[in-house]
Amino acid sequence: METNLQKRRENKKSMRVKVISLGNAEVGKSCIIKRYCEKRFVPKYMATIGIDYGVTKVQVRDREMKVNIFDMAGHQFFYEVRNEFYKDSQGVILVYDVGQKESFDALDSWLAEMKQEMGSHGNMENIVFTVCANKIDLPKRRVVDESEGRLWAESRGFHYFETSAQSGEGIGEMFQTFFSSIADLCENGGRRPLSGVSVGFTREQADTIRRIRSSKDSWDMLGVKPGATREEVNKAYRKLAVLLHPDKCVAPGSEDAFKAVVNARTALLKNIK
């Protein structure tokens, strides 16, 4: 009787979870996992063939968590292998290389693939996502800055961390927050707690900042057609200024976007009579 009671107590304190890693090939998914689980860095690149599977135990508060990690191959060639492993995931580690813009741009595609494979019954709102901006130990080759990556992640309610599998920077903190959020999810009946990630800015602000970053010229930045009147330029500027002013907008990159809008207006008005 006492033994059965003890077992029930142990089961209450332990949980089994499934975690997957997603991202393009060579962004460092496997290296991040090895750095955390094995406390080492593997400098020689070895492509993941299909799926790499591992198990680790972690302590989250008073609960022991048995984590099943499915490290997904990033090559498109292995799509038919990895598509079976999306379902029933409680946590996702999304990884990109800060020195490869295409790996950052591909994050939307990875989310789309996961949503497709989970099917109509899958609910991605009840999964904990964390984004790793990896290889920050190579600052000279960096092309995706922190504000851009943080904006993408936080506007979706995802955690964001700057990491280096080589040095270990950010790895421990990332996994600690990640597993703690998964524990909160499990204790909340499989639903992601609303307080998981505090955003503090709107999706409109986030989308506008991203649009400004990718604008090809001052006309495009203000969202007006070439040849617009002074009044039309000022009207577009006022709308963006209200949306992005640093005193009102806390979105990552808002200050730079606001400055860019100011400079665009100034440049256009110089050439409009």
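**Figure 1. Helix H5 and the second largest pocket of the predicted model.** Helix H5 (residues 107–118) supplies four residues, the largest share of the lining of the second largest pocket. The model is predicted: local features need pLDDT of at least 70, side-chain atom pairs count only at pLDDT 80 or more, and totals for chains, interfaces and linings use all residues. Residues are numbered from 1 along each chain as its sequence is written, and side-chain values use heavy atoms, with hydrogens and water left out. The space in this pocket is about 250 Å³, a volume being the space filled by probe spheres set on grid points that are joined across faces, edges and corners. A pocket is an open set of points on a 1 Å grid over the protein atoms alone where a 1.4 Å probe fits, with protein on both sides within 12 Å along at least five of seven lines; lining residues have an atom within 4 Å of a point. Among the lining residues are Asp 108, Lys 115, Asn 123, Phe 129 and Arg 192. By class, five lining residues are nonpolar, two are polar and five are charged (nonpolar: Ala, Val, Leu, Ile, Met, Phe, Trp, Tyr, Cys and Pro; charged: Asp, Glu, Lys and Arg; polar: the others, Gly among them).

Figure 2. The protein has 11 helices and six strands; helices (H or I, at least four residues) and strands (E, at least two) are DSSP runs, numbered from the N terminus. In strand S5 (residues 128–134), seven of seven residues are buried, meaning under 20% relative accessible area, with exposed over 50% and partly exposed in between (1.4 Å probe, protein chains only). In a regular strand the side chains alternate between the two faces of the sheet. One side of S5 carries Val 128, Thr 130, Cys 132 and Asn 134, the other Phe 129, Val 131 and Ala 133, and both faces are covered. Strand S4 (residues 91–97) pairs with S5 in the parallel sense over seven bridges, where pairing requires that DSSP find at least two bridges between two strands. Ile 93 has Thr 130 of S5 as its bridge partner. S5 also runs parallel to strand S6 (residues 159–162), joined to it by four bridges, and Val 131 stands opposite Tyr 160 in S6.

**Figure 3. Helix H6 between S5 and S6.** S5, helix H6 (residues 146–154) and S6 form a right-handed β-α-β unit; right-handed means that, with the strands pointing away from the viewer, the path from the first strand over the helix to the second runs clockwise. H6 is largely enclosed by the rest of the structure, because seven of its nine residues are buried. These buried residues include Leu 151 and Trp 152, and they pack against S4, helix H4 (101–105), H5, S5, S6 and helix H8 (203–213).

Figure 4. Gln 205, in helix H8, is buried, with a relative accessible area of 10%. Not counting residues up to four places away in sequence, Gln 205 touches Leu 243, Leu 244, Lys 248 and Cys 249; contact means heavy atoms within 4.5 Å. Gln 205 and Leu 243 are 38 residues apart in sequence and 6.5 Å apart in space, C-alpha to C-alpha.

**Figure 5. Surroundings of Phe 85.** Phe 85 lies in the loop between helix H3 (79–82) and S4 and is partly exposed, with a relative accessible area of 25%. Leaving aside neighbours within four places in sequence, Phe 85 is in contact with Lys 18, Ile 20, Ile 51, Phe 70 and Met 72.
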